[in-house]
Amino acid sequence: MLKIAYSTIYAHHLPAGHRFPMEKYALLPQQLMYEGTVTEENFFDPTEFGEEVILSTHQPAYWEKLKKLELSKSEIRKTGFPLSKELVDREVKILSGSIQSALFAKEHGIGMNIAGGTHHAYSDRGEGFCLLNDLAVTANYLIRHQHASRVLIIDLDVHQGNGTAEIFQNIKEVFTFSMHGQSNYPMHKEKSDLDVGLPDNIEDEEYLYLLNTHLNQILEGFEADFILYQSGVDVLKTDKLGKLALSLDGVKARDQIVLKLAHQNGIPIMCCMGGGYSPQIKDIIDAHAQVYRLAQEIFF
């Protein structure tokens with residue numbers, strides 16, 4: 001059975017007019033159940049892990065400041081969210097959901113998180129709507145607990161996974177692959193194991209060719225036994241922050257490539273949603289929902 005991490009605290013309250021579409025975390029589960037892709041039985045409320053899991057990845061000084069709500073105004077501004085205990089609790093719940101989804105993937109081939117993909121969080125700071133890096137924490141958990149030995153992180157959000165790249169810059173057991181808009185945020189890019197910077201307005205055919213080519217090359221040289229997939233939908237042409245030009249069908253084909261790659265090679269995969277900033281919330285939900293439909297079709 002497909003297991004999906006979800007909690008009501010994912011849809012965190014933000015000030016009126018905030019540009020982050022937080023409502024998608026409430027709407028996506030509703031859409032998936034309405035259309036019959038899943039039922040309530042597919043969802044689980046993540047059980048929170050202890051501090052040692054966070055400290056496997058994040059610096060103790062940063063975590064202390066974060067949990068005590070002692071970030072400076074500048075540090076808070078870089079995260080893009082007003083700081084509160086509820087926000088920190090949300091971040092912990094999200095990363096717990098990614099870990100548990102990964103453990104379900106060991107059993108069922110795939111596990112998913114309605115939120116997650118917080119790839120801009122560094123070991124010692126938060127940035128870009130990301131305070132704790134669930135991808136990095138999950139990869140470290142899998143390796144430390146011997147659920148995996150070589151983890152491939154496939155990050156297809158339109159923005160480079162800069163925090164993830166920093167965290168794993170000297171870790172050979174984790175391969176970081178980021179395919180992102182070259183001219184987009186962050187302006188200063190970190191060095192992933194493989195970065196593919198894309199030109200503005202790239203369309204489906206060229207994008208999918210590059211993705212296929214690079215994924216095949218990665219698997220030839222890196223024998224992954226687990227995949228973490230950041231499936232951001234800010235690559236859509238409609239996205240107000242993306243600068244790329246993928247269609248809805250193009251995003252579906254992208255997700256299909258990644259999920260089939262995992263399935264055909266017998267590699268467990270955990271999928272988290274990443275970003276999406278199209279002006280119409282329907283476009284965001286439609287794009288996110290596709291990967292859940294594909295998960296059911298390919299794995300079950």
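Where is the place of F129?

A: F129 sits in the loop between β3 (110-113) and α6. (Helices, H or I of at least four residues, and strands, E of at least two, are DSSP runs numbered from the N terminus.) The model is predicted, so local features need pLDDT of at least 70 and side-chain atom pairs count only at pLDDT 80 or more, while totals for chains, interfaces and linings use all residues. Residues are numbered from 1 along each chain as its sequence is written, and side-chain values use heavy atoms, with hydrogens and water left out.

The backbone at F129 has a phi near 65°, which is a positive value in a residue other than glycine. F129 also belongs to the lining of the largest pocket, where F20, H120, G128, F129 and Y277 are the residues nearest the centre. (On a 1 Å grid over the protein atoms alone, a pocket is an open set of points with protein on both sides within 12 Å along at least five of seven lines; a cavity is a set where a 1.4 Å probe fits but cannot get out; lining residues have an atom within 4 Å of a point.)

In total, 30 residues line the largest pocket. Two elements give two or more residues each to this lining, α4 (73-79) and α5 (85-108). The space in the largest pocket is about 400 Å³. (A volume is the space filled by probe spheres set on grid points joined across faces, edges and corners.) Sorted by class, the lining of the largest pocket holds 9 nonpolar, 13 polar and 8 charged residues. (Ala, Val, Leu, Ile, Met, Phe, Trp, Tyr, Cys and Pro count as nonpolar, Asp, Glu, Lys and Arg as charged, and the others, Gly among them, as polar.)

The loop that holds F129 ends at α6, and helix α6 (residues 134-144) leads on to the second largest pocket, where α6 gives the most to the lining, with 3 residues. The second largest pocket has about 220 Å³ of space. There are 14 residues around the second largest pocket, and S56, T57, N140, R144 and I171 lie nearest its centre. By class, the lining of the second largest pocket is made up of 6 nonpolar, 6 polar and 2 charged residues.

The structure has 1 cavity of 30 Å³ or more, and the largest cavity contains about 40 Å³. Its lining is formed by I153, D155, G161, T164, A165, T176, F177, S178 and S192. β4 (151-155), α7 (162-167) and β5 (174-181) are the elements that each give two or more residues to the lining of the largest cavity. Of these elements, β5 contributes the most, with 3 residues. The lining of the largest cavity splits into 3 nonpolar, 5 polar and 1 charged.

The peptide bond from Y185 to P186 is cis, with omega near -5°.
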